[in-house]
Amino acid sequence: MGRGETGRGTGRTHGLRTARGILEDVSPQDQTPAPQQVTYRRRPQMWSFLITGAVIGLVLGGAVGFFGPETASRSTLQDVVLLGAVGAFFAALAAAIAYLLADRASMRRPR
C-alpha cells in the first residue's frame, strides 16, 4: 500500500486522509519528502556507570580488607566493610568521570 492510500481498494494515492476527510488534494509527486539529515545520538546510561563502578569498588575494597595485613585494633569484618565502602565511593566517583567523558564523546558530530 502506498503512502496516502486508504486501503479500501479505491486505488487513490493522492490526498491525506484524516478523521474529517481529505485534508488536501495533492499529486503523488508532491508527497515525496525531501531527504533530511537526522542526528542520532545514543547516550550512555548514567546509573549503569555508577552502579557498575560502585560494585567493582566494593568487591576490590572488600578483597583488600580481607586479604590485606592484619590489624590489632579492628577485626577482618570491619576492614572488609570499611575498605569496601571506601572503594565503592571512589570507584563510583571514577565511574561518574568516565560517564561524563563518554557522554561528551557521544555529542561530537562526525566531520
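Colleague: Does Asp-103 count as buried or exposed?

Modeller: In this predicted model, the relative accessibility of Asp-103 is 12%. The cut-off for a buried residue is under 20% relative accessible area. Asp-103 therefore counts as buried.

Colleague: Where is the place of Asp-103, and with which residues is Asp-103 in contact, leaving aside its neighbours within four places in sequence?

Modeller: Asp-103 has its place in helix 2. Once the neighbours within four places in sequence are left aside, the residues in contact with Asp-103 are Arg-41, Arg-43 and Pro-44.

Colleague: With which residue does Asp-103 form a salt bridge, and how many Å apart are the closest N and O atoms?

Modeller: A salt bridge requires a side-chain nitrogen of Lys or Arg within 4 Å of a carboxyl oxygen of Asp or Glu. The partner of Asp-103 is Arg-43, and the closest N and O atoms of this salt bridge are 3.5 Å apart.

Colleague: How many residues apart in sequence are the parts that this pair ties together?

Modeller: Arg-43 belongs to the loop between strand 2 (21–22) and helix 1 (46–67), while Asp-103 belongs to helix 2 (residues 76–107). Because of these places, the pair ties together parts that lie 60 residues apart in sequence.

Colleague: What is the relative accessible area of Arg-43?

Modeller: Asp-103 counts as buried, whereas Arg-43 is partly exposed. The relative accessible area of Arg-43 is 46%.

Colleague: How many aromatic pairs does the structure hold, and what is the arrangement of Phe-66 and Phe-67?

Modeller: The structure holds three aromatic pairs. The ring centres of Phe-66 and Phe-67 are 4.9 Å apart and the planes stand at 85°. Planes over 60 degrees apart count as edge-to-face, so the pair of Phe-66 and Phe-67 is edge-to-face.

Colleague: Are Phe-66 and Phe-67 buried or exposed?

Modeller: Phe-66 has a relative accessibility of 52%, and Phe-67 has one of 69%. The cut-off for an exposed residue is over 50%. Phe-66 therefore counts as exposed, and Phe-67 likewise counts as exposed.

Colleague: What is the angle between the planes of Phe-89 and Phe-90?

Modeller: Phe-89 and Phe-90 form an edge-to-face aromatic pair, 5.1 Å centre to centre. The angle between their planes is 75°.

Technical notes:
Residues are numbered from 1 along each chain as its sequence is written. This is a predicted model: local features need pLDDT of at least 70, side-chain atom pairs count only at pLDDT 80 or more; totals for chains, interfaces and linings use all residues. Side-chain values use heavy atoms; hydrogens and water are left out. Helices (H or I, at least four residues) and strands (E, at least two) are DSSP runs, numbered from the N terminus. Buried means under 20% relative accessible area, exposed over 50%, partly exposed in between (1.4 Å probe, protein chains only). Contact means heavy atoms within 4.5 Å. Rings of Phe, Tyr and Trp (its six-membered ring) pair if their centres lie within 6.5 Å; planes under 30 degrees apart count as stacked, over 60 as edge-to-face and the rest as tilted.
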